[in-house]
Amino acid sequence: MKVILNVDVKSLGEEGDVKNVANGYARNFLLPRNLAVPYNEATVLMFEARRAEIEARKEQKRKDSASLKEKLEAAAIEIVMPAGANGKLFGAVTTHIVADAIKKLGFDIERKRIDLPGLAIKSTGTYKAIIKLYEAQTAEVHIVVKAQEVQETKAASKPAKNAKAEKAAPKAEEKPAEAPAENNEAAE
């Protein structure tokens, strides 16, 4: 079935695009939600009248994505994760973590638009990620993954564990000593 899109539809097209879609997809999803209209002479004339405003919106989106590209490529994204002595991370840096770091810088990017090298980053270092913007525009951002100071926290927690063990040890010794005394009294 041939339809004209009323609004931008992810993974299908933008407003004003003419697309061939499955009958069921058009009948059950696009048309009831007013995402598209059937392709006929009346709808073609209606969209031809709106062509100028649709193109103006598309041009504005292109300009916005170009300025966003410049800002993203200039920004430094630094992610601190716990890691071992050899630089291997305890966990991994995923698109979700990168999207959160970008959001902290003031940009609203969906994690689905971020492409990391491989599926995830698993060691410290500098990496490049590709962010899909509008149409074929992409931004290449540099991500610096640093190791969190984990060894200091482990050293600080060991004395605390030893102190707890020392406190628990005398209590354990007292309980067995009391138990036989109680048994002797009960026997008498």
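Ala99 is located in helix H4 (residues 95–104), where helices (H or I, at least four residues) and strands (E, at least two) are DSSP runs numbered from the N terminus. The model is predicted: local features require pLDDT of at least 70, side-chain atom pairs count only at pLDDT 80 or more, and totals for chains, interfaces and linings use all residues. Residues are numbered from 1 along each chain as its sequence is written, and side-chain values use heavy atoms, with hydrogens and water left out.

With a relative accessibility of 10%, Ala99 is classed as buried; the classes are buried under 20% relative accessible area, exposed over 50%, and partly exposed in between (1.4 Å probe, protein chains only). Apart from its neighbours within four places in sequence, Ala99 is in contact with Ile109, Arg111 and Ile114, contact meaning heavy atoms within 4.5 Å. A separation of 7.7 Å is found between the C-alpha atoms of Ala99 and Ile114, which are 15 residues apart along the chain.

In total, the chain comprises 5 helices and 9 strands, arranged along the sequence in the pattern β-β-α-β-α-α-β-β-α-β-β-β-β-α. Of its 188 residues, 27% are buried. Among contacts between residues at least 6 apart in sequence, 51% join residues at least 24 apart.

The structure contains 1 aromatic pair. The ring centres of Tyr25 and Phe29 are 5.5 Å apart and their planes lie at 10°, so the pair is stacked. The criterion for pairing is that rings of Phe, Tyr and Trp (its six-membered ring) have centres within 6.5 Å; planes under 30 degrees apart count as stacked, over 60 as edge-to-face and the rest as tilted. Both residues belong to helix H1 (residues 23–30), and their spacing of 4 residues corresponds to about one turn of the helix. Tyr25 is partly exposed at 32% relative accessible area, and Phe29 is likewise partly exposed at 31%. Another ring, that of Tyr39, has Lys2 over its face at 4.5 Å from the ring centre; a charge is assigned to this position if NZ of Lys or CZ of Arg is within 6 Å of the ring centre and within 35 degrees of the ring normal.

Several loop residues were also examined. Most residues other than glycine have a negative phi. Ser11, however, has a positive phi of about 65°; this residue lies in the loop between strand E1 (2–5) and strand E2 (18–20) and is exposed, with a relative accessible area of 82%. Asn34 also has a positive phi, near 55°, and is situated in the loop between H1 and strand E3 (36–38), where Asn34 is exposed at 55% relative accessible area. Asn40 occupies the loop between E3 and helix H2 (41–49) and is partly exposed at 36%. The C-alpha atoms of Asn40 and Val3 are separated by 8.5 Å, although the two residues are 37 apart along the chain.

The largest pocket has a volume of about 630 Å³. Of its 21 lining residues, Lys10, Arg113, Leu133, Tyr134 and Glu135 are the closest to the centre. On a 1 Å grid over the protein atoms alone, a pocket is an open set of points where a 1.4 Å probe fits, with protein on both sides within 12 Å along at least five of seven lines, and lining residues have an atom within 4 Å of a point. Grid points are joined across faces, edges and corners, and the volume is the space filled by probe spheres set on the points. Helix H3 (residues 51–74) contributes the most to this lining, with 4 residues. The lining consists of 6 nonpolar, 5 polar and 10 charged residues, with Ala, Val, Leu, Ile, Met, Phe, Trp, Tyr, Cys and Pro counted as nonpolar, Asp, Glu, Lys and Arg as charged, and the others, Gly among them, as polar.
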